[in-house]
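Work through the exercises below with the model open. Each task is followed by a solution in steps.

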Amino acid sequence: MSLATDSQPSPAAQLTPERLREAYRLMLAIRRFDERALELYRAGEMRGTTHPYIGMEAVAVGVISALEPHDYVSSTHRGHGHTIAKGGDMRRMMAELLGRATGYCGGKGGSMHIADMERGMLGANGIVGGGMGLATGAALTAKLRGSGQVAICFFGDGALNQGILHEVSNLAAIWKLPVVYVCENNQYAMSARADWSVAGGDPAGRARAYGIPGVTVDGMDFFAVYDAASALVTRARRGDGPAYLVCDTYRYHGHHAGDPLNYRQRAEVEEWRRHDPIERMKRALGERGVLTDEAAAALDREVQAAVEDAVAFAKSSPEPSVDQLMTDIYA
Ligand SMILES: Cc1ncc(C[n+]2csc(CCOP(=O)(O)OP(=O)(O)O)c2C)c(N)n1
């Protein structure tokens, strides 16, 4: 479905140089944070695991850049990118990964439970499709309160086949809720290929069953993601209801840090890497005269220093004390 209405410049064409550089910085931050998290896992410094967002940065940043700060986001087990793009604190994230009391969940939740309610980040989620009810519920509250907020529901291609997606899509459509369902089609659910496991061949086409827009974009391209997300968020905010946005993308690394990755061909990985979202963004900003190579390198150094600061903060933080064992639990 095309959302083009007139000959107005695209939303991305209207972004200021500052906002473009900030988007680039956020994409770099996601990559460097997750590269460092992988290193810490391999060095045996992290208990549990982590699901790297590396390769998919244009999706989180493209979509979340189209939001207002008070809008909502629900996440997945692969949640670091969403949290960083929503303005999350890398110190508290890293502390959570390393099980420290200063982490987002007091060190008791780990990578898959990071939430930041003050920033509208409703939480990562170990249950595939678990964010769907959260985002839809948040959109319902926004509608009932008349707050003008929009909710984004990020989920993977594997979650396309969870039953709850049908339930929330139907309710959101009949109640015209301000929610956009963003499918991060990174081609695999663990080792299951999307082109084998997702019936019908066209995930966005499923939106037709609910009478709502379904749009597919190149999820390795910040500008394509931002333009499509802006259009869908705008129509949701003005009361026209939900939509599906499918972003075709790729995870460069394994499903999680310990994945032996014996189910895909090296040539396939190399082909996707040729479309690297960060390199493409850097080139595009260079062509627009918004970011020189020197400025890009300086930003990278700045981001890496911030990640190292987060690691130092985490390592110097205490582990949760024994008296915290029974706090923050329901039963
Ligand atoms: C309800 C449920 N079923 C199965 C799992 C096991 N599981 C964890 S991640 C995953 C694959 C998810 O794939 P996708 O939704 O495409 O997200 P991606 O990992 O590709 O980002 C599965 C099956 C789970 N955590 N929850």
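**Exercise 1.** Determine whether Met190 is buried or exposed, and describe its backbone and its place in the chain.

Solution. Step 1: a residue is buried if 20 or more other C-beta atoms lie within 10 Å of its own, exposed if 12 or fewer, and partly exposed in between, with C-beta atoms placed from the backbone. Step 2: Met190 has 12 other C-beta atoms within 10 Å, so Met190 is exposed. Step 3: Met190 is located in the loop between strand S4 (188-189) and strand S5 (192-193). Strands (E, at least two residues) and helices (H or I, at least four) are DSSP runs, numbered from the N terminus. Step 4: the phi of Met190 is positive, about 55°, although Met190 is not a glycine. Most residues other than glycine have a negative phi.

The model is a predicted one, in which local features need pLDDT of at least 70 and side-chain atom pairs count only at pLDDT 80 or more, while totals for chains, interfaces and linings use all residues. Residue numbers start from 1 along each chain as its sequence is written.

**Exercise 2.** Give the strand order of the open five-stranded sheet and identify its edges.

Solution. Step 1: two strands pair if DSSP finds at least two bridges between them. Step 2: the order is S1-S2-S3-S7-S6, with parallel pairing. Step 3: strand S1 (72-74) and strand S6 (214-218) each have a single partner strand, so they stand at the edges and one side of each has no neighbour in the sheet. Step 4: neighbouring strands are turned by 20° against each other on average, direction ignored; the axes are lines fitted to C-alpha atoms, and angles run from 0 to 180 degrees between N-to-C directions.

**Exercise 3.** Describe the pairing and burial of strand S2 (residues 151-156).

Solution. Step 1: S1 and S2 run parallel and are joined by three bridges; Tyr72 has Ala151 as its bridge partner in S2. Step 2: six bridges join S2 to strand S3 (residues 179-185), also in parallel. Ala151 stands opposite Val179 in S3, and Phe155 opposite Cys183. Step 3: six of the six residues of S2 are buried. Step 4: in a regular strand the side chains alternate between the two faces of the sheet. On one side of S2 are Ala151, Cys153 and Phe155, on the other Ile152, Phe154 and Gly156, and all are buried.

**Exercise 4.** Which residues are closest to the ligand, and how is its shell made up by class?

Solution. Step 2: 16 residues surround the ligand, and the closest are Val128, Gly156, Gly158, Ala159 and Ala189. Step 3: the shell has six nonpolar, seven polar and three charged residues. Here Ala, Val, Leu, Ile, Met, Phe, Trp, Tyr, Cys and Pro count as nonpolar, Asp, Glu, Lys and Arg as charged, and the others, Gly among them, as polar.

Notes:
A residue is near a molecule or strand if its C-beta atom, placed from the backbone, lies within 6 Å of it.
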